[in-house]
Number of protein chains: 2
Amino acid sequence: MTTAEGVARREGGRSALVLAAVRSAVTELTAERGAAQLTVPAIAERANVSASSIYRRWGDLPTLLAEVATYRLDPDRPLPDTGDLRSDLLGWARELVEHLGRPSNAAMLRAGAALAGDGESDCLRNRRAEATRLVERVAAASSGPVPDVPEVIDHVVAPIVYRVIFDPGSLDDAVAERLVDGLLAALPAGD
Amino acid sequence: MTTAEGVARREGGRSALVLAAVRSAVTELTAERGAAQLTVPAIAERANVSASSIYRRWGDLPTLLAEVATYRLDPDRPLPDTGDLRSDLLGWARELVEHLGRPSNAAMLRAGAALAGDGESDCLRNRRAEATRLVERVAAASSGPVPDVPEVIDHVVAPIVYRVIFDPGSLDDAVAERLVDGLLAALPAGD
C-alpha cells in the first residue's frame with residue numbers, strides 16, 4: 001500500500017481516480033458477495049478500468065485485498081504521541097481494533113490470510129514499522145523499560161488479528177487495553 | 001474434529017477407513033496443488049469415496065480442512081503434566097509450534113482462516129479447552145499466580161497462529177519459550 005499511495009501522490013489525476021475506483025469496487029463487491037468470491041475481472045468491470053491496469057499496479061489479487069483492507073491505516077499517518085508509552089500504545093491498539101474489526105476489513109483480512117505465506121505480508125510490515133516508531137521514540141525520551149518490536153507484534157498485533165480472523169465476536173473495546181497492559185506488565189521492572 | 005473422531009471410534013471399520021482415506025487425500029492434494037485449489041469432488045475422487053459422504057461427515061470444505069490440519073492435536077490427548085506451570089505451558093506451546101509450523105498444516109490453517117468468521121472455530125475451541133485443563137490443574141495444586149485462559153490464548157496461541165499464517169519464516173524453537181515467559185512475567189507477583 002505504501003507503493004500504491006506513493007504512486008497516487010506522484011501521479012495524481014488519472015492514477016488517483018483509478019486507485020479510488022478500484023478500492024470502492026473491492027469494498028462494494030466484498031459487501032455484496034464476500035471476499036472469497038472476488039476476482040480481478042469482476043473488480044475491473046465494477047471499477048470501469050482494465051484488468052491489466054489492476055495487475056500492473058497491484059501484481060495480484062491478495063496484494064490488492066490486503067491493500068484495500070489496510071490503506072486507511074496509512075503507514076505515514078501521524079501516530080499517537082502523548083509522551084507516555086502506555087497512552088501511545090493504547091491509542092494505536094484501539095485504532096487497529098476499530099479498523100480491522102469492521103466486517104468488510106475483517107473479510108478482506110481473512111481472504112489475505114488464505115494467500116499469505118511467502119515472506120512477511122505488507123500489512124504486517126507496516127504494523128511493524130509503526131511499532132518501531134512508537135517504541136524508538138519512547139526509548140529515546142525515557143530511561144524506563146521499553147518493549148522490543150517483536151514483543152509488540154506478538155502481544156498486541158497478533159491477538160487482535162487472531163481475534164478478527166477466528167473469533168470476531170470476542171473483539172471489544174476492553175481488548176486493546178488488556179493487551180497493552182499485559183505487554184507492559186511483562187517488562188522487567190526498572191530495567 | 002472431536003465429532004469425527006468420536007464417530008470413527010463408535011463406528012469403527014468402514015467409517016474409520018473413510019476417515020483415514022479422506023485425511024490422506026487432503027494431505028496429498030495440499031502438497032501437490034496447494035490448499036487453495038482443493039475441492040470436495042477432487043478430495044472424494046482421490047480418497048475413493050463419494051462426495052456426499054464427505055459433506056455428511058464434515059458439512060463443508062473449511063470444516064474438513066481445519067479438521068485435517070489439527071486432528072493430530074487430538075483434544076483428548078494427554079497434555080504435559082510435570083507439576084510445573086511453566087514446563088507444562090512450554091511443552092504444549094512447543095507442540096503447537098512444531099505441529100502448526102509444518103508446511104502442509106500451515107497451508108490448511110491459512111485456507112481455514114479464509115473461511116472463518118462465524119463463531120469460534122473448532123481449532124480455537126480445542127486449544128481453549130486444552131488451555132483450560134492446563135491452567136485449572138495448576139490452579140488447583142498451587143497458591144501462586146496463574147494466567148487466565150484468555151491470556152493464554154492471546155499471548156501464546158495467537159502469536160503462534162499469526163506467525164504460521166503471516167510470517168512463517170519467523171517461527172523457530174525459541175518462540176514458544178519467549179511467549180510462555182512473556183505470559184508468566186505479566187502475572188501479578190505473589191497474587
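1. A quick definition before we start: a residue counts as buried when its relative accessible area is under 20%. Keep that cut-off in mind while looking at this model, which is predicted. In helix α3 of chain B, which covers residues 40–47, the buried residues are Val40(B), Ala42(B), Ile43(B), Ala44(B) and Ala47(B).

2. So what sits over those residues? The cover for the buried residues of α3(B) includes α2 (13–33), α4 (51–58) and α5 (61–70) of chain B.

3. Where the helix starts, Thr39(B) has a side-chain oxygen that comes to within 3.1 Å of the backbone nitrogen of Ala42(B). After the helix comes Asn48(B), and its phi is positive, near 60°.

4. Staying in chain B, find Gly91(B), which is part of helix α6 (residues 85–100). Is Gly91(B) buried, exposed or partly exposed? Its relative accessibility is 29%, so Gly91(B) counts as partly exposed, because that class lies between the 20% and 50% limits. Gly91(B) and Ala176(B) are 85 residues apart along the chain, yet their C-alpha atoms are separated by 8.7 Å.

5. Now for chain A as a whole. How many helices and strands does the secondary structure of chain A come to? The count is 10 helices and zero strands, so the pattern along the sequence reads α-α-α-α-α-α-α-α-α-α. Chain A has 191 residues, and 50% of them count as buried. If you take the contacts in chain A between residues at least 6 apart in sequence, 69% of them join residues at least 24 apart.

6. With an RMSD of 0.0 Å, chain A can be laid on chain B by a turn of 180° and a shift of 0.0 Å along the axis. Why does that matter for naming the symmetry? To find the axis in chain A, go to Ala186(A): its C-alpha is the nearest one, 2.0 Å away.

7. Where do the chains meet? On one side, 30 residues of chain A are in contact, and their partners are 30 residues of chain B. Of the interface residues of chain A, 100% are interface residues in chain B as well, so the copies meet through the same surface.

8. The size of an interface is often given as the accessible area lost when the parts come together. For chain A and chain B, the buried area is about 2700 Å², and carbon and sulfur atoms give 62% of that. On the chain A side, the residues losing the most area to chain B are Asp154(A), Tyr162(A) and Phe166(A), which together make up 26% of what that side buries.

9. There are charged and polar links as well. The count between chain A and chain B is six salt bridges. One to look up is Asp154(B) with Arg163(A), where the closest N and O atoms are 2.9 Å apart. Five residue pairs are in polar contact across the interface.

10. Finally, which elements of chain A give two or more residues to the side that touches chain B? They are α7 (103–114), α8 (122–141), α9 (149–166) and α10 (173–185). With 13 residues, α9(A) gives the most to that side. The residues of chain A that touch chain B divide into 17 nonpolar, five polar and eight charged.

Notes: Residues numbered from 1 in each chain as written. Chains lettered and ligands numbered in written order. Predicted model: local features only at pLDDT ≥ 70, side-chain atom pairs only at ≥ 80, totals over all residues. Heavy atoms only, no water. Contact = heavy atoms within 4.5 Å. Buried area = accessible area lost by both parts, 1.4 Å probe. Salt bridge = Lys/Arg side-chain N within 4 Å of Asp/Glu carboxyl O. Polar contact = N/O pair within 3.5 Å; in protein donor to acceptor, adjacent residues only side chain to side chain. Helix = DSSP H or I, 4+ residues; strand = E, 2+ residues; numbered from the N terminus. Nonpolar A, V, L, I, M, F, W, Y, C, P; charged D, E, K, R; others polar. Least-squares fit on C-alpha atoms with pLDDT ≥ 70 in both. Buried < 20%, exposed > 50% of the residue type's maximum accessible area, 1.4 Å probe, protein only.
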